[in-house]
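This report describes a structure for someone who has not seen it before.

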Amino acid sequence: MRAAVVVFPGSNCDRDLAVAFERAGFQVDMVWHKDASLPNGVDIVGVPGGFSYGDYLRCGAIAAQSPICKAVVDHTERGGYAVGICNGFQILTETGILPGALLRNAGLKYICRTVGLKVETSDSAFTEGYNAGDVIGIPIAHHDGNYFADDETLSALRDQDRIAFTYTENPNGSCSDIAGILSANRRVLGMMPHPERAADEGHGGTDGAALFRALAGVLTPA
Amino acid sequence: MKARVHVMLKNGVLDPQGEAVRHALGAMGFDKVEGVRQGKVIDLDLADGATEADVVEMCEKLLANTVIERYEIELV
């Protein structure tokens with residue numbers, strides 16, 4: 001069971017994400033943004049938080065054009081699993097793997113605190129360790145986390161049960177309180193909050209650990 | 001050839017930075033400002049042989065995110 005964590009210049013949650021995967025039982029490879037391919041046998045790719053390329057142009061825009069992102073797109077098009085957290089979510093929307101975009105927070109402030117997230121669906125490898133309707137505490141730390149998608153996209157996300165998490169109190173202006181969404185095949189998750197920062201007693205909360213445990217359960221070879 | 005690309009948020013997409021500028025202008029006494037939208041201007045120095053179609057492709061692939069932004073190209 002192998003995870004690859006992509007490292008961009010400016011990533012700062014890559015090691016936290018690697019530790020969260022390792023704790024759940026994954027063997028983790030760190031993959032540099034200039035690599036043109038993922039290691040063989042990777043079950044899931046983690047695109048971590050941070051400030052890839054200094055957030056120049058738009059958050060995630062330049063990272064999305066890096067050699068490794070082409071490999072990540074190919075991986076997801078083959079049906080591979082991926083999770084993008086915070087800047088990783090921004091990158092996955094910029095690549096087009098996930099729909100929508102992340103705008104500047106409506107209040108214009110960078111927000112760094114633990115927020116309540118409602119689990120909207122337990123029907124995914126990422127969320128099956130929770131029950132739909134559960135409220136969990138997960139930290140956010142972003143300036144551009146205001147999820148935007150047109151009405152048609154939002155309807156599709158709702159109709160296909162692809163909204164993974166919503167904020168109990170919308171901190172950033174996101175459409176429909178959306179904090180995280182799934183791809184159409186439910187194998188790619190993008191979310192602004194940081195489950196890897198709530199995966200150890202030392203973090204002050206462990207509500208995020210179930211996400212990594214659930215993934216390990218689904219991806220364990222039979 | 002030079003190209004100037006204007007990138008603006010699409011109508012209907014909230015521009016909180018533009019709103020903040022509008023509030024600041026109002027606080028300064030400029031009370032006739034009804035709306036502010038903030039965008040980007042990107043100047044490209046292009047080698048001979050570059051075409052407008054190339055610039056369109058650059059906009060579609062990188063310079064603008066067409067989910068939220070529209071762009072205009074000015075060749076100079």
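A:K118 has A:V135, in strand 7 of chain A, as its bridge partner. The two strands involved are strand 6 (residues 111–119) and strand 7 (residues 135–142) of chain A, which pair in the antiparallel sense over 8 bridges. Strand 6 of chain A is also joined by 3 bridges to strand 9 (residues 163–167) of chain A, again antiparallel. There A:V119 stands opposite A:F165 of strand 9. Strands are said to pair if DSSP finds at least two bridges between them. Helices (H or I, at least four residues) and strands (E, at least two) are DSSP runs, numbered from the N terminus.

The model is predicted: local features need pLDDT of at least 70 and side-chain atom pairs count only at pLDDT 80 or more, while totals for chains, interfaces and linings use all residues. Residues are numbered from 1 along each chain as its sequence is written, and chains are lettered from A and ligands numbered from 1 in the order in which they are written.

**Annotated residues of chain A**

An unreviewed UniProt entry gives the annotation "active site" to A:C86, A:H194 and A:E196. These residues span 111 residues in sequence, yet no two of their C-alpha atoms are more than 10.9 Å apart, so they gather at one spot. UniProt positions are given in the numbering used here, feature names are shortened, and annotations may be inferred rather than shown by experiment.

A:C86 sits in the loop between strand 4 (81–85) and helix 3 (87–95) of chain A. It counts as buried, with 31 C-beta neighbours inside 10 Å. A residue is buried if 20 or more other C-beta atoms lie within 10 Å of its own, exposed if 12 or fewer, and partly exposed in between, with C-beta atoms placed from the backbone. Leaving out residues up to four places away in sequence, A:C86 touches A:C13, A:G49, A:A141, A:H142, A:M192 and A:H194. Contact here requires C-beta atoms, placed from the backbone, to lie within 7 Å.

A:H194 belongs to the loop between strand 11 (188–191) and helix 5 (209–219) of chain A. With 25 C-beta neighbours inside 10 Å, A:H194 is buried as well. Its contacts, again without residues up to four places away in sequence, include A:C13, A:G49, A:C86 and A:A141.

**Chain B**

Chain B has 2 helices and 3 strands, in the order β-α-β-α-β from the N terminus on. Its radius of gyration is 16 Å, well over the 11 Å that the globule rule gives for 76 residues, so chain B is more spread out than a compact globule. The radius is taken over C-alpha atoms, and the rule is 2.2 Å times the number of residues to the power 0.38. Along the principal axes, the C-alpha atoms of chain B fill a box of roughly 50 × 25 × 15 Å. Of its 76 residues, 13% count as buried.

| Strands of chain B | Sense | Bridges |
|---|---|---|
| Strand 1 (residues 2–9) and strand 2 (residues 40–45) | antiparallel | 6 bridges |
| Strand 1 and strand 3 (residues 69–75) | antiparallel | 7 bridges |

B:V5 has B:I42 of strand 2 as its bridge partner, and B:A3 has B:L75 of strand 3.

**Where the chains touch**

In chain B, 9 residues are in contact with 12 residues of chain A. Helix 1 (residues 16–27) of chain B gives the largest share of this side, 3 residues.

Methods
Contact = placed C-beta atoms within 7 Å.
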